[in-house]
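Q: Please pick one part of this protein and take a close look at it. Then show how that part connects to the rest.

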Amino acid sequence: PSMAGVAPGAKQPPRRHHGAAATGVVKRRDEWQDHCLIEMADGLEDVFCHRHRCQGKALPPAGTRVRFKLHLSNKSLCWQSGFVTWDDPDATHDD
């Protein structure tokens, strides 16, 4: 069956909302220079993060907890980040 019209009650829609404030943990690979992925605790797909949308236009280090607004791309229908910020890496504190 086509995924265009999902039958009512087929499965729960994701509990993510466009424009919602979110936090997640950065996943990166060394070869990624212009983007990273942000893993969220909700178990849904990782959020795509462009470097130009990051604090200081620099990608945060892997494992960094970041804050951002969720953005659902109209073109790809994938979750992306809005502007991404994170705490000063020198500030050590447990979440």
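A: Start with a definition: a residue is buried under 20% relative accessible area, exposed over 50%, and partly exposed in between (1.4 Å probe, protein chains only). This is a predicted model, in which local features need pLDDT of at least 70, side-chain atom pairs need pLDDT 80 or more, and totals for chains, interfaces and linings use all residues. Residues are numbered from 1 along each chain as its sequence is written, and side-chain values use heavy atoms, without hydrogens or water.

The part to look at is the hairpin of β4 and β5. Six residues lie between these strands. Strand β4 covers residues 65–72, and β5 covers 79–81. Strands here are DSSP runs of E with at least two residues; helices are H or I runs of at least four, and both are numbered from the N terminus.

L77 sits in the loop between β4 and β5. L77 counts as exposed because its relative accessibility, 62%, is over 50%. Its backbone stands out as well. Most residues other than glycine have a negative phi. L77 is not a glycine, yet its phi is positive, about 55 degrees.

K57 lies in the loop between β3, residues 47–50, and β4. With a relative accessible area of 56%, K57 is exposed.

Now back to the hairpin loop. S73 belongs to the loop between β4 and β5. Is S73 buried or exposed? S73 is buried, because its relative accessible area of 9% is under 20%. The side chain of S73 reaches the backbone nitrogen of K75 at 3.2 Å. That distance lies within the 3.5 Å limit for a polar contact between N or O atoms. S73 also touches C78 and Q80, leaving aside residues up to four places away in sequence. Contact here means heavy atoms within 4.5 Å.

What holds the two strands side by side in the model? β4 and β5 pair in the antiparallel sense over three bridges. Pairing needs at least two DSSP bridges between the strands. L72 stands opposite W79 in β5.

β4 has other partners. β1 and β4 are antiparallel and share five bridges.

Not counting residues up to four places away in sequence, V84 touches I38, C49, R53, C54, Q55, V66, R67 and F68.

Step back to the whole protein. It has zero helices and six strands. From the N terminus on, the order is β-β-β-β-β-β. Of its 95 residues, 26% count as buried. Among contacts between residues at least 6 apart in sequence, 55% join residues at least 24 apart.

Two salt bridges are present. A salt bridge puts a side-chain nitrogen of Lys or Arg within 4 Å of a carboxyl oxygen of Asp or Glu. One joins D42 and R16, at 2.6 Å from N to O. This pair links distant parts of the chain, 26 residues apart: D42 is in the loop between β2 (35–39) and β3, and R16 is in the segment before β1 (21–27). R16 is buried at 6% relative accessibility, whereas D42 is partly exposed at 32%.

The side chains of K27 and D46 also form a salt bridge, at 2.6 Å from N to O. K27 is in strand β1 and D46 in the loop between β2 and β3, 19 residues apart. K27 is partly exposed at 33%, and D46 is partly exposed at 23%.

Conventions. Polar contact = N/O pair within 3.5 Å; in protein donor to acceptor, adjacent residues only side chain to side chain.
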